Amino acid sequence: MNFFSESNIQELQEMFWKNFEKSLLDLKNNEHIYIGLSGGTSLNYFYEKILKNFKNIEFEIRKKIIFVFVDERIVSLNHKDSNYKQIKDFFLGKLIDQNLINQDQIISINYDIENIADDYFSKVPYIDISLIGVGEDGHIASLFPKHILLQSKEKKYLSINDSPKKPSHRITISPEMIKDIKYGFIFFMGDAKQKALNNFFDNNLIYKDCPAKLINNTKNVFLFTDLKL
Ligand SMILES: O=C1O[C@H](COP(=O)(O)O)[C@@H](O)[C@H](O)[C@H]1O
């Protein structure tokens with residue numbers, strides 16, 4: 001585990017970029033590089049940093065990148081609650097405007113079919129690099145504390161119809177999919193995440209209490225926070 005705790009946001013962004021760029025270089029020989037993004041607010045500083053530096057990544061790597069979602073809310077793609085919409089407005093749309101990626105490099109859900117999770121998994125079979133924000137209750141993607149989905153042994157996207165955080169209908173990567181992530185970047189940003197951060201490092205708790213702990217199953221973990229333990 002690589003742990004970065006720094007209240008100076010610019011420094012934290014720099015540390016993130018160094019490691020994110022290294023992970024891309026490491027995967028440069030892959031046919032595709034799937035980068036799994038999460039919604040919410042925790043990632044904003046880091047999306048800003050990628051936006052600023054993305055042009056410095058060599059074209060041969062850039063063209064292999066496919067942006068996908070670690071979870072998505074089942075609403076239309078132009079709904080304010082859609083992770084796709086939020087991330088496209090704030091981040092991905094700006095990469096497109098600068099001709100640094102094209103729309104084909106973003107995989108969104110098909111929200112008006114029956115089995116959205118299976119359909120999404122058929123397009124996103126694995127994730128190489130994940131950028132995951134942690135919720136106040138310690139949830140990651142749409143895997144919430146004590147929820148039955150945490151018991152799933154399936155390696156696929158899962159559906160959830162009773163998310164404790166609205167909207168209640170979502171899809172999410174499963175705990176088994178998290179195990180295949182090669183570079184797991186995880187973010188605890190802002191005072192409201194202090195308890196989640198403490199829980200993450202509390203050896204008396206397990207992933208069912210604090211789902212963020214699932215990230216420890218990935219090969220390389222990079223934890224960024226503006227908080228102190
Ligand atoms: O509902 C969600 O929440 C989490 C965390 O959001 P944050 O605003 O507390 O950072 C997010 O990672 C997830 O993708 C999203 O669907």
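So, F3 sits in strand β1, which covers residues 2-5. Keep in mind that we're looking at a predicted model here.

You'll find seven helices and nine strands in it. If you draw a box along the principal axes, the C-alpha atoms fill roughly 45 × 45 × 30 Å. Now, a compact globule with 229 residues would have a radius of gyration near 17 Å, and the protein has 16 Å, so the two agree.

What about contacts along the chain? Taking contacts with a separation of 6 or more, 73% of them are between residues 24 or more positions apart.

Of the 229 residues, 53% count as buried. The accessible surface comes to about 10,500 Å², and carbon and sulfur atoms account for 47% of that.

You can find L95 in helix α4, residues 83-97. Is L95 buried or exposed? L95 counts as buried, because its relative accessibility is 0% and the cut-off for buried is under 20%. And which residues does L95 touch, leaving out those up to four places away in sequence? That would be L51, F54, F67, L100 and I101. Take L51: L51 and L95 are 44 residues apart in sequence, yet their C-alpha atoms are 6.7 Å apart in space.

Key: Residues numbered from 1 in each chain as written. Predicted model: local features only at pLDDT ≥ 70, side-chain atom pairs only at ≥ 80, totals over all residues. Heavy atoms only, no water. Helix = DSSP H or I, 4+ residues; strand = E, 2+ residues; numbered from the N terminus. Rg over C-alpha atoms; globule rule 2.2 N^0.38 Å. Buried < 20%, exposed > 50% of the residue type's maximum accessible area, 1.4 Å probe, protein only. Contact = heavy atoms within 4.5 Å. Areas by Shrake-Rupley, 256 points an atom, 1.4 Å probe, with all protein chains shown as cover.
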